[in-house]
Amino acid sequence: MRGLHADTGYLLYRLGLRSGQMFNSFLQESGLRLRHYAVLRFLATSEGALQRELSTRLGYDPSAIVGLVDDLEKLGFAERRPSPDDRRSRIVVLTEEGRTFLRDTDEAGLRVTNDLLAPLGPAERETLHALLLRVADQP
């Protein structure tokens, strides 16, 4: 029988847990969690997104997206607007306050990543990132 550390899937799971715990600790002061941060980061790269698109792209349950967007609206970091393509639909957009929050957290987020990847050198980090992107882009 092989040990847990011989299982790449388990190691990825453990790394994901540790990364999530570190990011949630850093976000704790703001009242946000990593899931909120992911929504904000996604919105920062778009002109807005339908809630169902957020659900699909981030891999979150649609009902979870509703609550996350509600939380972000209460903080003034995001808002729902009528979709220009379909008046019955609403798109979620990042507000200026949301952009400011992301700018203010960039350095702290980078520290978390650096702490997490401290055992790796710069070239190893680039390789890990490239490999993870390749695996993550699979359907």
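Does Phe26 count as buried or exposed? At 19% relative accessibility, Phe26 counts as buried, where buried means under 20% relative accessible area, exposed over 50% and partly exposed in between, with a 1.4 Å probe and protein chains only. The model is predicted: local features need pLDDT of at least 70 and side-chain atom pairs count only at pLDDT 80 or more, while totals for chains, interfaces and linings use all residues. Residues are numbered from 1 along each chain as its sequence is written, and side-chain values use heavy atoms, with hydrogens and water left out.

**Aromatic rings**

- A pair of aromatic rings is described by the distance of the centres and the angle of the planes.
- The structure holds five aromatic pairs (rings of Phe, Tyr and Trp, the last by its six-membered ring, with centres within 6.5 Å; planes under 30 degrees apart are stacked, over 60 edge-to-face and the rest tilted).
- One of the pairs joins Phe23 and Phe26, which is edge-to-face because the ring centres are 5.8 Å apart and the planes stand at 70°.
- Phe23 and Phe26 are three residues apart in helix H1 (residues 8-27), and therefore about one helical turn separates them; helices (H or I, at least four residues) and strands (E, at least two) are DSSP runs numbered from the N terminus.
- Phe23 is also buried, at a relative accessible area of 12%.
- Phe26 forms a further edge-to-face pair with Tyr37, at 6.1 Å centre to centre and 80° between the planes.
- Because Phe26 lies in helix H1 and Tyr37 in helix H2 (residues 34-44), this pair ties together parts that are eleven residues apart in sequence.
- Tyr37 is buried as well, with a relative accessible area of 10%.
- Through these ring pairs, Phe23, Phe26 and Tyr37 are linked into a cluster.
- Elsewhere, the charged end of Arg35 sits over the ring of Tyr60, 4.2 Å from its centre (NZ of Lys or CZ of Arg within 6 Å of the ring centre and within 35 degrees of the ring normal).

**Pockets**

- The largest pocket has a volume of about 910 Å³; a pocket is an open set of points on a 1 Å grid over the protein atoms alone, where a 1.4 Å probe fits, with protein on both sides within 12 Å along at least five of seven lines.
- Its lining consists of 18 residues, and those nearest the centre are Ser19, Phe23, Leu116, His129 and Leu132; lining residues have an atom within 4 Å of a point.
- At least two residues of this lining come from each of H1, helix H5 (96-116) and helix H6 (122-136), and H1 gives the most, with seven residues.
- By class, the lining of the largest pocket has eleven nonpolar, five polar and two charged residues (nonpolar: Ala, Val, Leu, Ile, Met, Phe, Trp, Tyr, Cys and Pro; charged: Asp, Glu, Lys and Arg; polar: the others, Gly among them).
- The second largest pocket has a volume of about 380 Å³.
- Among the 13 residues lining the second largest pocket, Leu11, Leu12, Leu15, Arg18 and Leu128 are the closest to its centre.
- H1 supplies the largest share of that lining, six residues.

**Sheet**

- Three strands form an open, antiparallel sheet in the order S1-S3-S2; two strands pair if DSSP finds at least two bridges between them.
- Strand S1 (49-50) and strand S2 (78-82) are at the edges, each with a single partner strand, so one side of each has no neighbour in the sheet.
- S1 and strand S3 (residues 90-94) run antiparallel and are joined by two bridges.
- Ala49 stands opposite Val92 in S3.

Conventions
Grid points are joined across faces, edges and corners, and a volume is the space filled by probe spheres set on the points.
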